[in-house]
Amino acid sequence: MKVDSITLHRIAMPLVRPFETSFGRETERVVLLVHLVTDVGEGWGECVAGATPGYSSEYVEGCAHVIEHHLAPLLFGAPVLRAADLERLFAPVVGHRMAKAALEAAVLDAELRASGTSFARHLGAVRNEVDCGVSVGISPTIHELLDEVQGYVDAGYRRIKLKIKPGWDLEPVRRVRELIGPDAALQVDANTAYTRRDIPHLRRLDASRLLLIEQPFDEEDIASHVALAQAIETPVCLDESIVSAGVAIDAIERGATSIVNVKPGRVGGYLPAVAIHDACLARGIPVWCGGMLETGIGRAMNVALAALPGFTLPGDTSASDRYYAEDLTEPFVLNDGRLAVPTGPGSGVTVRTDLVRAWAVQPPRLLQPRAR
């Protein structure tokens, strides 16, 4: 297909409750959306970058700049465009995986809608619904944390993930374990907040019988994760460190991780995410689908990805009302702790353009090929 235009939308969506991690606290989600118009149809993509470069070196305005000035010209210049060719097409631009992933999602959506194929079928899904976990941010008090967790347990979520940081770890985790019982799935996510000297402290988390501890050290510090994995009983899971199938294989072979969190928006798109899944599956390493506070656009695609065979652990594919009172698409609703995998063409959801307009924080930016 050929790309006729790309429209970049910047919107701000209010969160139903503040979401705090070791990186900071969010009360709204600033989102960069990509609307692609081609000669065979339209597609939408969502960029997972935050408003500031706190979690990642990428951020909304930076991604918009890279798309407009570097990636979009490559799309416009391609004589024939296919999602499968994007990694090669985008190779002249180093890094900027979140920007690339947003465009890949839009291209895939348009391509699959035109062929009448769902994301799930195209990616290789084997399930019609996926088990859902929920990510719980850092709370002002343990009492408020327990109230929030109880609400998610009552809603039916099949796994609880707690954000932790130095000073907010052992006691909150212990209290949540007491609340949900010894057999409920519980894991923690440190978002790189610790250093190797904290290994003796982190070893004390073994008492809480966790499913895993996610990314306690800097994303480039594979050696410290190896040391941690050798020192504790709790399985170590890598998230921010995993940016490609090659890095995943290296981390697995070095013993740095026994579980991998796959975030499509962080690794460059859904096709690179499938490559990481395949590499882990071949090595007997379970994977799960992480979340980046996606709207219904990204949530639909993530749910499809989470239906692949290697995704054996509940992911962060929570229901829409976990984050938003109103979503950009038809809402995803939890049913017995699971979400249904969309079956319609492309992402399988319809974007509410009225909300895109209502929540806009800047005028849309229309990109078109230069006249020849």
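Q: Which residue forms a salt bridge with Arg-322?
A: Glu-148 does, with the closest N and O atoms 4.0 Å apart. A salt bridge here is a side-chain nitrogen of Lys or Arg within 4 Å of a carboxyl oxygen of Asp or Glu. Arg-322 is in the loop between helix H12 (296-305) and strand E12 (338-340), and Glu-148 is in helix H5, 174 residues apart. Helices (H or I, at least four residues) and strands (E, at least two) are DSSP runs, numbered from the N terminus.

Q: What should I know about the model and numbering before going on?
A: This is a predicted model, where local features need pLDDT of at least 70 and side-chain atom pairs count only at pLDDT 80 or more, while totals for chains, interfaces and linings use all residues. Residues are numbered from 1 along each chain as its sequence is written, and side-chain values use heavy atoms, with hydrogens and water left out.

Q: Back to that pair: is Arg-322 buried or exposed?
A: Arg-322 is buried, at 3% relative accessible area. Glu-148 is buried too, at 11%. The cut-offs are under 20% for buried, over 50% for exposed and partly exposed in between (1.4 Å probe, protein chains only).

Q: What else does Glu-148 meet in a salt bridge?
A: Arg-17, at 3.7 Å from N to O. Arg-17 sits in strand E1 (residues 3-21) and Glu-148 in helix H5 (residues 142-155), 131 residues apart. Arg-17 counts as partly exposed, at 33% relative accessibility.

Q: And what about Asp-336, which residue is its partner?
A: Arg-158, with the closest N and O atoms 3.4 Å apart. Asp-336 is in the loop between H12 and E12, Arg-158 in the loop between H5 and strand E6 (159-163), and 178 residues separate them. Asp-336 is exposed at 55%, whereas Arg-158 is partly exposed at 31%.

Q: How many salt bridges in the whole structure?
A: A search finds 25. There is also a network of salt bridges linking Arg-159, Lys-161, Lys-163, Asp-189, Glu-214 and Asp-316.

Q: New topic. At what angle do H9 and H11 cross?
A: Roughly 25°, and the axes of H9 (residues 245-253) and H11 (residues 270-282) come within 8 Å. Axes are lines fitted to C-alpha atoms, for helices over the stretch in contact, with angles from 0 to 180 degrees between N-to-C directions.

Q: Which residues make the contact?
A: From H9, Ala-245, Ala-248, Ile-249 and Ile-252; from H11, Ala-275, Ile-276, Ala-279 and Cys-280. Contact means heavy atoms within 4.5 Å.
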